[in-house]
Amino acid sequence: MKYLYYPGCSLRSTGRAYEESLLAVFRVLGIDLAEIDDWNCCGATNYMSINEHRAIAITTRNLALAEQQGGSGEVHIIAPCNACYMGLQKTKIYLDTEQGLREKILKTMEGAGLRYEGRVVIRHPLDVLINDFGLDKLKMAVKKPLHDLRVISYYGCQMVRPIATFDHEADPVSMDQVAMTLGATAVDWGMKLRCCGGSMTSTVPDVGQRLNYLLLKEAKAKKGDIMITACPLCQFNLECFQGKISKKFRDDISIPVMFFTQLMGMALGIPEKELGIHRLFVKPRPVTV
Amino acid sequence: MNSGSNGKQPFLHIKREADLDKEFSKRIAKLAHGEKLYGCIQCGNCSATCPLSPYMDYTPRKVIAMVRAGFRDEVLSNSTVWLCASCYSCTVECPKGIKITDIMYALKREAIIKKVYPRNFAIPALSRTFYDEVRAGGRINETWLLTRFYMRTNIFKAIGFIGLALKLFGTGRLKLAEKKLKDRQQFRRMVESTSN
Amino acid sequence: MSHHKEEIRIGVYICHCGHNIAGTVDVTGIAEYASRLPNVVISKDYKYMCSDPGQVLIGQDIAEHKLNRIVVSSCSPLLHEKTFRDALVKGGLNPFFLQMVNIRENVSWVHTDTDDANLKARDLVRAAVHRVAYQKELTKKKVPVNPDVLIVGGGIAGISAALTMADAGKKVFLVEKEPTIGGHMALFDKTFPTLDCAACILTPKMSSVKKHPNITLWSYSEVSEVSGFVGNYKVKVTRKPRYVIEELCVGCYACVDECIFKEGKFPDEFNLGMSKRKPVYLPFPQATPLVAVIDDKTCIHFKTGKCQQSCAKACDRNAIDFNQQPEVKEIEVGTVILTTGFKAFDARRLPYYGYGKFPNVFTSLEVERMVNASGPTEGHVVLKDGSKPKSVGIVHCVGSRDEKTNKWCSRVCCMYSLKLAHLIKEHTGAEVYNFYIDMRTPGKGYEEFYDKLLREDVHFIRGRVAEVSDWATTSDEEGKLIMRVEDTMVGMVRRIPVDMVVLSVGLEPRDDAQDIRKLFNISCSTEGFFLEKHPKLAPVDTFTDGVFIAGAAQGPRDIPDSVAQAGAAAAQALALIDSGHVELEPNTAYITDTLCSGCKSCLNICPYKAIAFDDEKRKSVINEALCKGCGTCVASCPSGAIRQNLFEDEEIFSEIRGLFVESI
Amino acid sequence: MSDNQINKQAIPANWKPRIAAFFCNWCTYTASDLAGVSRLKYPATIRVIRIMCSGRLDPQFVTDAFAEGADAVLIGGCHPGDCHYANGNYKCLRRVHLLKKVLKQMGLEEERLRLEWISASEGKRLAEVVSEMSEAILKLGPCKVKQVVEHYEK
Amino acid sequence: MANESKPKIKMAVYWGAACGGCCVSVLDVHESLFAVIDAADLVFWPIALDTKYADVEAMEDASIDLCLFNGAVRNSENEHMAHVLRKKSKILVAYGSCAHMGGIPGLANFSDRESLMRRVYDESESTENPDKIRPQHHYEVKEGTLEIPVFYNDVMSLGQITDVDYYIPGCPPQTERLVEVFMAIVTGQPLPPKGSVIGVSGLAQCDECTRKKSDQRSVKQIFRPWEIEDDGETCFMDQGVICMGPATIGGCGVRCVKGNAPCRGCYGPMPEVRDMGAKLISTIGTMIDLEKEEEIEKVIEQIEDPAGTFYRFSLPAAKIRRKLS
C-alpha cells in the first residue's frame, strides 16, 4: 500500500526531528510515503477560533490535493502531528455529515479549481504501524531491543479525541504496544491523555508551564526513564521548557522527551544523526549510552 | 448592561431577564454543530475532566449554563473560553454527547465578531496572528509566527524567550525561511471566498 | 369484483377526542364533507366517540337510518377497534362492517399545518368510506385456552407469578437458565428502604415454589422452540445435563466434599468471581432446587477422562450420572409469562473509573456480596488486602444517563447506593461519599430513607465523577484512589482521595433478550427491553396475545415493582384462562376453488405450513386453524385464488382508489 | 437538465406530494402510533393503509396506487428477523427488489418507491423517513403515471 | 349446422396493428370453414376481400352481426376503423392479444414515437436517408394531397378506444375457441355478460399442464430456457425458468409448454388479477428462496428485461401503461 504524507508546519521546524525519524523508520520498514504536493497549514486550533468555515476550507484543500495526487479509490493520508491528524479527521467528518457545509466548501474548492470527493482516509503513523504493518513484523525488525528501559507514553489530546479511530478514546495503548514491541517496559500512568496546554506555554506561561510541570513530575514519580510523544507541540512543551519549569517550581523534573519514532529508530539500529537525536535539548542518555 | 441601576454596586450581581440575550444559545448551538447543549444535566463532568478549569473564571459547566440562560456578555468578555486548549476531554466524556470544545470555538469566534474578547489577553492575539500568517502564506513559519505575536502583544515578554529561541536555532528547529505555496494569491482568494 | 346485493348505507362519525383531534382537525368540516361521499347516509362529529353516549349514538343511528356500514374516524384502531366493533354488535350489526380512520396518532398529533392535516384527514375518511362498502360479514373463531402456563425466568418476578398462578390452581412450568432460582435478589443482603434481610423474604418463596404441587420447576434449562398461538402454545424446553440426577440428590454436599480438588479453584459465579468453587458445587446453601451440579468445563473427568470419580463414589444415593445428555421436554401451555430479568452494566466499558485496573474499585453487586454474611468475605467490607477502608466513594449513574452507554435512568441505583452507603458505614465506620447527578427517590419510604442517610454523616456531592486515578498530587493522596469531580453545588472542582470506590452500575437488557424476543415473537424497545403493548393501559401485555412480561426484563425496576408487575401479569393470564376460550381475529386466508389451478406457488411460502395440496382435487387447501393471517400467500397467488378475510383485494384497491379519487 | 426544469415548471404552486404508505400492523403501523403518542412532527404527506404483514404487499397495490395518483409509495415492515409472521418481510423485500427493477425500466424515479424496516419502537425513525421522502418527492415533482393513464398521447 | 332457412349472419374481420397471425388463425379453422361460410357472409376482411373502407362506412349502423377486430391501435387509421366498426357492428370482439391487451406491438410503449422514428428513419443499420426524410401526415403531389395515417405515440388496446363486447385472447387465439364462440352466436345460444373474456378455461395454465410440480418450490437461481437441460417433465418454475403459466388463464391448451417452451402469457391474466405483470412480480419475487439482500439482488439481476417479460403481451393494459418520459 502506498500512503500520501502530510507533514504539517511543525514538522518543518520545532518538530523537525519527528519528520526525520519518521521518514527514516518508514524507509527501513519499507513503508512508502509520498508527500502531498503544495500542501498548506491545517489551521490547527487557532484558525478554528477565528473562522470555522475558512479553517475547514483550507483543510479541504489538502484533502482535495491528496485525492488528485492519489489516483482513484481510497486515498490514505498519513498525518503524524496530532493536531493535523485531528484537524483533517474532523474536516472529513463534518463534510461527510453536514450537507450544507459540504456544498458550501465544495463550491469554494471549485472556485480554486479543485475537487473533493470524500475518498480520503486519514491515518496516524501509529495506526499504520499497528494495523497495516503489524507489530509482529516490527518485532522482527528490532536490532537493539530496549531492555530495562521504562518508557512513559504521552499521547496528548488530539490523537484519540474527539475522534478515536484506532485506539481507545479514554485509554489508548498503541504507543505502549510499540514500546513493548521494542523490548521496553511500558509504564502505566494516569496522565497519558492529560493536556499539555498547547500554545499556552507561550501565551499564558504561568498556566502552560504548570500543566507541563504536573506531567513531568508524575512521569518522574512513576520512575520513567524516557517519555515518548506523537505530537510536535507536546514534545516541544515537555522538553524545551524543562529548564524554566525546574527553576520556577524548584524541582528537578528533567527527563528525556522524544518522538516515538526516534525511539523506534534507535531500536531498529538507525544512526542517531538520521533520527534527529542531535536536535533534542535533553539527551536521551538511557538509550544513547 | 445593568441599566437603571444607577451604577450602584449592590445591584451589579443581580441579572434581570431583560439584560439577557435570549437568542444567544440558539446562535451558539447552530455555530457549534448541534442542539445537544440543551441536554446538559449540569453534572460537572466537563469541569472535572478539564485540565484548565482551575484557571478559568467560570468552569465549562457554568459556561454552558450561562450560554443557555443568555449571559452573553459575561461569557464572551471573559478569559475562560480562551483558556480552552482544545484537548476535547470534555467532549469525549460528556454523558450527553455535547460537543463542548466546539461550543468553546463558537464562543471564541462570536467574541471576535462582537469584538468583546479580552484585549489584554494573549491567546486571542496568537490566534489572530496565526490566522493572518496562514491566510498570507498558506503555511506557518514558527519563527515569524512568534515574532509577530510578541510584536502584537508585549515585545518585552519576548525577551524571556530569546534564550530558548537561540537554542532552537542552534539545533535547527527554527528557521528564517520556509518553503511556501506555489500560488499564494490563489490560496488567499480561496480563503476569502469562504464566508462563515 | 363483488357486486353489492344490498344497498350500502354508511354512517360516518368524526371524533373530537376533546381537543386532541379537534385542536388541529376541522372535525365539523370533515363530517360535512363526508356526508357528500357516495353511500354515506349520515355523518356526524362528536366530542368523545369512545364514551358511552358516543357508542350509543352509533347504535341509535343504525336503527334509525338503517345503516349497514360504519366508519369511525378517531384514534388508532390498535386502541379502540374493539370498542367500536362492540358498539356495532350492540346496534345489531356484524362487527366487521366497521372501518376506523386514525386521525389522531396519524394526523392531529403529528402534523402542525392545519390545511395539510385537514386535507389528509379528508383523504383518509374518503378512503375508509370506499373501503367499508366492500367489507363482509365475518365471525370470530373461538378456540379453547389451555390452562397451563409457562414462566420463563426464576427471579423474584418469576417466582411471584408462579406462586400466584399455582395458588389459583393452574399448572405452572417454571424454566430457569441457572442451576438455581432466586435471580439477582438472591445476591443481596438487605433490601431498601426497609433494610429487611433479602434471604429471609426470598428463600421461603423459593422453597414454596419447589414444594408446590402445581409447579414443575426446571432449573438449568432453556426454552428452545415455541410454536402455536394464544391459548395453544407448543414449547420445547432443553434441560442441560447437570450430571446429577435431580430426583435422587438431596444436596448433602458429600460429592462436593469428596471432589479431588481439595479447595475451590474456579471463579464462583454466585459470588461474581470473588471466591472459588470446585467443578462439582451447589451455588449457595439455599439454592433451589438443592441439587449439585457438575461443570463439565472444569471437571477433570470431562477434560481428561482420567478421574477417580470420588464424587460419584461419595454419593450413597448414586445420584451422579456422567452420561447425562441434554433432554428436550415438550409441553403445551395456553399462556406465557416472561420474567427473564436484567444484566448489570459492565463497568470495564468506562476505563476512566479504573474498574479492572485498580483492585479497590468494585461494582455495587460485588459490594452486595461483600456485605452479605454468606458472601465471600463473610459480611466484611474489606479492601483487596483484607484491611478495612477508611474512606469509600460511591459513584452513581455508572453506565446510565449517558448517550455513549445507556441513555436511561436505571431507577434503582440511587436507592441501592444509599443502602450500600448505610451498610458500608455500619460495617466499617468509613467516610462515605455519594457522588450523584440527581437524587431520584420516588417510592414509598424512599425519600425518607434518603433523609435518614443525609443525617448519618454520609457525604453527598452533586457531580458526575470524571475520573478515578492513582495520580497523587499531595502526600495525603499517596496510595489512595483520587476521585475528580466538580462539586456543582459549590461550583468548584474537587479531588477526593478514598480507599475504595464503589461503582453503582445501571441495569441493562440481558444479552439473550433478543433471542427470547424472537422465540416468543414479541418486540423490544430501542434500548432492548421487552416492549409492552401499551405503556399505560397494557403494561404487562405484549403484541403477541397470551404472552405477558414482568420484572426488569421490561425495564429497570426494583423488587416491589417487579412483584407487583408479576401479580399483574399473573392476573392477565388467569383472566385469559378463566374465560375458557379466546376469540381469534378472522383475518385468515382462504382459497377459491374455482380459481385455483394447482400451480403450487403457495405451498412452500407459508411459515406455518397451513397450506397443503389436495392431490385428488389438484388444488391447494388452507388449514384455517394453522393460518395466522399474514396474507403472504394472498399477495403471491398468481391466479388471485387465495383471498384474505378483512384484507380482501377489493377492499384494499377500493381504499387506494378512495385515497386519490378526488381531492378538494 | 432541461427535463428537470420542465418538470419543475410543471409543478402546480400549491402541490404537495401524496404518498401511499403500506404499513405492517405489528411494527411500522405501531411505530406510526408511537410517533403520534410522542407528538413527533412530520409532513402530512403520507396516507397509511394498514396490512397485517409486509408479506401481504401485492405489487399490484403499488402500481395501482401510482395509477390512481400517488406521487410515491412507502412500504414499512418489521426489521429482518423480527417479522411477526416469521419471514413475511423477506418475501416483501424480494418482491420490492424485483418491482423496483421493473419500475426503473418504466422510467419511474427510484425515490418514488421505498421500503423501510421500522420497528414498533422507532417512531422517530418513521418521522425521519417520512420527512426525508417528502423532501425528495417535493424535489421530483408530481408523479406522471396518473396523467399517462388518463391521457394516451396520440 | 346453420339452418338453411335462417338468414346468414354478416361477419367482418379487421386487422389493426398486428402481425397478421390472427387472420391466419381464422383460416386455421380448416374444414370448419365450410360451416362458417354456411352460416355467415364475410362482408369485410382486408386480408382476403377487396372491400374498401368507404364501403364499410356506407353500411348501415349495426348491420354487421359479428366483427373480429384483431391488432392493437397504433395509428389514426386503426382508431378510425375501430370507431367505424363499432358503429356498424352488433357484436365487436377484440380478437387476439393485441386487441385484448396491446400485445407484442404494445411493447413499443417502452419507447416513444420520436425514438422509434429516429431508429427506423435515421439510425438503423440498413438505413440510408441523407435528407432525413420522415413520413408526413399530409404530402402535396401533382395529383393533390396525399394523406397517410398519423403514427401515435402510444399503443392502445381496442378496449381503450371503444366499447368492446367480448375479448378472445391469445397470440393467436386457439382456433377451436373461435369456432365455439362463432357457433354459439349463430345458433343463438345465451351469450355471456358484455365485457367478458371468452374462449378461456377459467383456470390458469397449470390446471392443464401435466409437468410435475414440486410441493417445496425453492428457487435460488433464475435461468433462461436454453441454460437448462429440460427433462420435459418438471415444472419450469421448479427448474428456475420463468414461466407465465401460473398467472395466465387457460384456453390455448398449454401449447407452448407442450412444445417444451415456457408459457409467455399471451392469454392474459386471471379475472381477479388487475395487473398481470405486477402479479407475476409478486409470485416470482416470493419464490426466490433467499434472505440476504445482496443475494436477492444477484438473482434478480439474472432476470433479463423483467418488465418486458412480465408485460410481454399486456403493457398497454397495465396499471402503468408505458415508460414515463
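Predicted model: local features only at pLDDT ≥ 70, side-chain atom pairs only at ≥ 80, totals over all residues.
Local features require pLDDT of at least 70 and side-chain atom pairs pLDDT 80 or more, whereas totals for chains, interfaces and linings use all residues. Residues are numbered from 1 along each chain as written, chains are lettered from A and ligands numbered from 1 in the order written, and side-chain values use heavy atoms, without hydrogens and water.

In chain B, Met151(B), Ile155(B), Phe156(B), Ile159(B), Ile162(B) and Leu166(B) form a nonpolar surface patch of about 680 Å² (residues with over 30% relative accessible area and no salt bridge, nonpolar side chains being joined within 5 Å; Shrake-Rupley method, 1.4 Å probe). Helix 9 of chain B (residues 159-170) supplies the largest share, three residues (helices are DSSP runs, H or I, of at least four residues). Ile162(B) lies in this helix and is partly exposed, at 45% relative accessibility (buried is under 20%, exposed over 50%, partly exposed in between).

Ser86(B), by contrast, is buried, with a relative accessible area of 1%; Ser86(B) is located in the loop between helix 4 (72-76) and helix 5 (89-93) of chain B. Its side chain makes a polar contact of 2.8 Å with that of Tyr105(B) (N or O atoms within 3.5 Å, one able to donate a hydrogen and the other to accept it). Beyond four places in sequence, Ser86(B) touches residues including Thr45(A), Cys157(A) and Gln158(A) (heavy atoms within 4.5 Å).

Chain C is divided into domains that include domain 3 (255-314) and domain 4 (344-508), with bounds from an automatic or database assignment. The C-alpha centres of these two domains are separated by 34 Å, and five residues of domain 3 contact five residues of domain 4.

Notes: Patch = residues over 30% accessible without salt bridge, like charges linked within 9 Å, V, L, I, M, F, W, Y side chains within 5 Å. Salt bridge = Lys/Arg side-chain N within 4 Å of Asp/Glu carboxyl O. Helix = DSSP H or I, 4+ residues; strand = E, 2+ residues; numbered from the N terminus. Buried < 20%, exposed > 50% of the residue type's maximum accessible area, 1.4 Å probe, protein only.
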